[in-house]
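User: Can you walk me through the inside of this one? I'd like to start with the core.

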Amino acid sequence: MSNSPAQFLPLFIVGSAICSSIGHFNAAAVAAMDANISNFTESEFIDTEGEPIVGAALHDVSVWGDDRHKAMFITVFQEIREALATDLPNSKIAVLILGPEHTRPGGCHGWVEGILFHVGGDRDPFHAGTAYLPFGKAGIGNAINRAQSLLYDQAAAPDIVLIIAVDSYFSAPTITHYLSQQRIKTSANPDGFIPGEAAAAIALARQSSAPWVLSMHGCGMAHETAAIGSNKPLRATGLTNAIRSAIGQAGVELAALDCHVSGVSGENWYFKEVELAINRVLERKVAEFPHHIITSRTGEIGAACAPFALAWLFSSMAQPACGIGQSALLHFSNDDGARVALVIKGQYQTRS
């Protein structure tokens with residue numbers, strides 16, 4: 001069953017930022033995505049066969065733990081503030097920080113405390129709607145719905161909502177847990193994910209005056225009871241419901257969209273889920289429905305995956321030569337069963 005709102009009011013992306021293994025800044029990461037470039041290298045972690053685990057860690061960042069997360073956050077925060085090119089006071093900006101689920105082994109959360117004081121100071125606090133959302137990859141649904149509520153709050157709406165996500169799979173507890181579950185890709189286990197890390201940010205507003213705009217028109221959320229590792233039959237009911245909710249809110253057919261984008265991490269279980277859900281929802285046969293997989297270049301970046309995808313599309317969809325098209329379904333799944341789907345559209349605006 002879906003827990004999405006019946007009505008979705010449009011949101012416009014007006015800025016983006018990325019810090020990842022394929023680029024510490026938005027332009028570099030987008031160029032790498034468009035060129036299908038990854039940066040998978042051997043890490044210092046060892047698998048059960050004594051072989052190095054291949055991962056996608058940030059290069060030239062020597063700090064770890066909380067300090068590493070802070071560094072990634074500050075990088076994308078500074079970039080997106082510069083991209084907005086506005087002198088808005090912090091009180092007119094709500095910041096929604098996305099992080100890993102509290103239930104994920106090794107998930108890092110302590111760095112969040114005090115981070116907004118560090119970047120904003122105490123004289124100009126951020127909008128009261130600012131919050132930390134530790135809901136993982138599918139948490140983008142919670143963030144989008146919260147952003148919509150904030151921006152359309154007639155009494156005390158911020159001008160901008162920043163969604164900033166930071167996540168990393170590079171910690172000993174995380175690696176140890178997923179190795180024990182045989183879920184990390186290794187020399188002995190090809191059906192696994194490649195650990196990664198990233199931060200990504202998007203800025204949302206109720207409108208945009210730019211010549212080309214990317215807007216969001218649907219956000220469907222649902223829960224999958226047959227989550228990975230549950231030993232229940234995989235029917236993709238949760239993802240199917242989330243997609244149907246998103247396209248229903250957007251008033252479009254799935255078959256009319258140009259492509260779909262996901263955070264599928266490389267595990268066969270999740271690819272089967274996507275195939276089942278897409279085939280169920282497609283209203284008619286289409287010649288092709290391209291599937292762009294973020295993690296094929298970044299590795300598994302958890303909560304950062306959805307903002308990364310939106311930041312990439314915000315830049316690349318504006319360039320027709322990239323061939324992505326002007327509309328897309330995005331969908332993301334958590335191990336805990338949370339599912340979310342988004343519908344976005346790009347268009348050129350004529351100035352009056």
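User: Which residues have the most contacts inside the largest nonpolar core?

Analyst: Ile140, Ile144, Ile163 and Leu330, in a core of 57 residues. A nonpolar core here is a set of buried Ala, Val, Leu, Ile, Met, Phe, Trp, Tyr and Cys residues joined through side-chain atoms within 4.5 Å; buried means under 20% relative accessible area, exposed over 50%, with partly exposed in between (1.4 Å probe, protein chains only). Helix α9 (residues 305–316) gives this core its largest share, nine residues. Helices are DSSP runs (H or I, at least four residues) and strands too (E, at least two), numbered from the N terminus.

User: Is this predicted or what, and how are things counted?

Analyst: It's a predicted model: local features need pLDDT of at least 70 and side-chain atom pairs pLDDT 80 or more, while totals for chains, interfaces and linings use all residues. Residues are numbered from 1 along each chain as its sequence is written, and side-chain values use heavy atoms, leaving out hydrogens and water.

User: OK, switching to α5. Which of its residues are buried?

Analyst: In α5 (residues 172–180), Thr174, Ile175, Tyr178 and Leu179 are buried. They line one face of the helix, because they fall within an arc of 125 degrees seen down its axis; the arc is taken from the directions from helix axis to C-beta atoms.

User: And what's exposed on the other side?

Analyst: Thr176 and Ser180 are exposed there.

User: What covers the buried ones?

Analyst: The cover includes β2 (41–46) and β3 (52–55), with contact meaning heavy atoms within 4.5 Å.
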